[in-house]
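Welcome, and thanks for taking a look at this one with us. Please open the viewer alongside the sequence, and then follow the notes below.

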Amino acid sequence: MERKWWHDKVAYQIYPKSFLDTNGDGIGDLRGIISKLDYLKKLGIDIIWLSPIYKSPFVDQGYDIADYYAIAKEFGTMEEFEELLAETKKRDMYLIMDLVLNHCSDKHEWFQNALNDPEGEYADYFYFRKGKNGNPPSNYRSYFGGSCWEPVKGTDLYYFHMFSKEQPDLNWENPKLRQKLYDMINWWLEKGVSGFRIDAIINIKKNLEFPDLKPDGKDGLAECWKMIESADGIGEFLEELKNHTFQKHDAFTVAEVFNMKDGELARFIGEDGYFSTIFDFSAHCLSEGKHGWYDAPDVDFKTWRKTVIASQIEVQKYGFEANIIENHDEPRGVSRFLPKYAANAAGTKMLGTVSILLRGIPFIYQGQEIGMQNAVWNRIEEYDDINTKDQYNIARKAGLTEQEALEVCSKMSRDNARTPMQWSSQKNAGFTTGTPWLKVNLDYKKINVENQENDPDSVLNYYRKLVGVRKSAEYKEVFTYGKFVPVYEKTETIMAYYRINEKDRILVAANFGKEAAEIKLEYPVKRVILSNQENVSAEKIRNSELVIRMESCEVIVLECEYTV
Ligand code: GLC
Ligand code: CA
């Protein structure tokens, strides 16, 4: 496999609105990010992904872009962005932007032009279609609820949107539109960004017949992604996109891809694939409800283990995926993937270790490195997220009481990841001197960066060690390119795997159980590389005849003797 500059990197996602506010308006900003670059460097971060910072009405928190060439004034100026970029480079770090290509904001001038002249050139940048017998052109439910078709006032036309009605979908069939997008992408690459996280990209290829689908809910609508699954030919778009932009700049791209078709992985992330990598969401899909968040199942350990293992084995045949435990669309990983008894510092370190040492590109989401957890939400008004409000209504319509619907949202809401970053035990967790745009998690006095800086055993200091191990001169090779081989899969509570190459054999083992458990090592131990417990030593393990007793929430990373 050809080696790429990004293979051995560790990435960090910043959600700018919630990262750090420096002017007291309650909204995180670019100055805040600049001031924390040294903090990220110390954590071992190479690549920083910024969720959208473009000009936007923020209906979907910046994923509705009104001008691809402008920085949102809430976050700062283009000069400040350039300063951020320069400061990042100074520290040998790489900055990647969020690229939203499936849709823009209804406030974007293209869409405004289209509304002003629904038969004109710009209307063809979008999907404007006639209704059918007084109804919308087809019966799709958008991701954020309601029909995907919105009437164009004063006409018999509708425009198409897979997300909110303020996020009209762009018509990728139009070559002029595609060229404008490529120009914009190249403009940012020429400015010096190192690549992109690419939003919702699977949705760009529609089934142009927009056929009605069998309704899957009482509203008579069907999930819009089912139409996407019936569309062929996305590969041509993605290949062209890559050739006109990323490839020329050796850019790093990480795509958000759900609903990929069987057998497509190699074309997406293989040698000469459309993207450098895509996120592995297989574990996150385990808590997908059939009808919404209200029937979302809890994640069960054995299913989770099986899923992670299966994904690792499949992906290593072709390339790399990006491993996450959470992002801005997901609840906090500690609250989701760990049983209640493990939602503590030891469990947090365990989950982090198992995730970061997998084969692939680790992405840490802001606050993950201090073990941030889901917040407690008491009223629907406390939320900002458009998706949460929709899911709340869906739950109520399905017959859940207000209390029950709130519990569902507490568990699944995207706002769990969007509460302000907890920097200190000062007012508002040190995030702002003003009023935070979204409430601060009440646990901030306990979980915050400042406290953890001063505690050698903290989650933060552990994450620093963990990332350090992954990137160390000694082990970098095996953690980057080493094969993933699962082990102890038949045990009740152990998640474990080897990372192996021609020279090293590393064992990562974690006990997710409530009780202690034992494993018998298959190979003599050379060295304990990392552990979240005290008094674990190679000598002790040798003396125990290679039987390790693992406490609840214990994780251990061992270098084994290399015997074939
Ligand atoms: C992606 C983003 C999400 C956004 C959606 C629409 O899934 O991660 O935050 O709401 O796309 O742009
Ligand atoms: Ca601010």
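With which side chain does the side chain of Glu474 make a polar contact? The partner is the side chain of Arg527, at 3.2 Å. Please keep in mind that this is a predicted model.

**Ligand 1 and its surroundings**

- Ligand 1 is surrounded by 14 residues, and the closest are Asp60, Asp199, Glu256, His328 and Asp329.
- His328, one of those closest residues, has a side-chain N or O atom 2.8 Å from an oxygen atom of ligand 1.
- His103 places a polar side-chain atom 2.9 Å from an oxygen atom of the ligand.
- For Arg414, an N or O atom of the side chain is 3.0 Å from an oxygen atom of ligand 1.
- On its own, ligand 1 would expose 300 Å², and the protein buries 95% of that area.
- If you are comparing pockets, the space taken by ligand 1 is the largest pocket.

- Glu474 belongs to the loop between helix 17 (459–471) and helix 18 (476–481).
- Leaving aside residues up to four places away in sequence, Glu474 touches Asp504 and Arg527.
- Asp504 is 30 residues from Glu474 in sequence, and their C-alpha atoms are 9.6 Å apart in space.

**Leu99 in its strand**

- Leu99 is part of strand 5 (residues 94–100).
- Its relative accessible area is 0%, so Leu99 is buried.
- Beyond residues up to four places away in sequence, Leu99 touches Tyr54, Met184, Ile185, Phe196, Arg197, Ile198, Asp199 and Phe246.
- One of these contacts, Asp199, is also listed among the residues closest to ligand 1.
- The C-alpha atoms of Leu99 and Tyr63 are separated by 8.8 Å, with the two residues 36 apart along the chain.

**Thr307 in its helix**

- Thr307 sits in helix 10 (residues 301–315).
- With a relative accessible area of 16%, Thr307 falls in the buried class, because buried means under 20%.
- Ser282, Ala283 and Leu286 are the residues that Thr307 touches, not counting those up to four places away in sequence.

**Two backbone angles to check**

- Most residues other than glycine have a negative phi.
- Asp250 is not a glycine, yet has a positive phi of about 50°.
- You will find Asp250 in the loop between helix 8 (246–249) and strand 12 (252–255).
- A relative accessible area of 46% makes Asp250 partly exposed.
- Leu546 also has a positive phi, near 70°, in a residue other than glycine.
- The loop between helix 19 (538–543) and strand 21 (547–550) holds Leu546.
- Is Leu546 buried or exposed? Leu546 is buried, with a relative accessible area of 16%.

Key:
Residues are numbered from 1 along each chain as its sequence is written. Chains are lettered from A and ligands numbered from 1 in the order in which they are written. This is a predicted model: local features need pLDDT of at least 70, side-chain atom pairs count only at pLDDT 80 or more; totals for chains, interfaces and linings use all residues. Side-chain values use heavy atoms; hydrogens and water are left out. Helices (H or I, at least four residues) and strands (E, at least two) are DSSP runs, numbered from the N terminus. Buried means under 20% relative accessible area, exposed over 50%, partly exposed in between (1.4 Å probe, protein chains only). Contact means heavy atoms within 4.5 Å. A polar contact is a pair of N or O atoms within 3.5 Å; within protein, one must be able to donate a hydrogen and the other to accept it, and residues adjacent in sequence count only if both atoms are side-chain atoms. A residue is near a molecule or strand if one of its heavy atoms lies within 4 Å of it. Accessible areas come from the Shrake-Rupley method with a 1.4 Å probe; for residues, only the protein chains shown count as cover. On a 1 Å grid over the protein atoms alone, a cavity is a set of points where a 1.4 Å probe fits but cannot get out, and a pocket is an open set with protein on both sides within 12 Å along at least five of seven lines; lining residues have an atom within 4 Å of a point. A molecule sits in a cavity or pocket if more than half of its atoms lie within 2 Å of its grid points.
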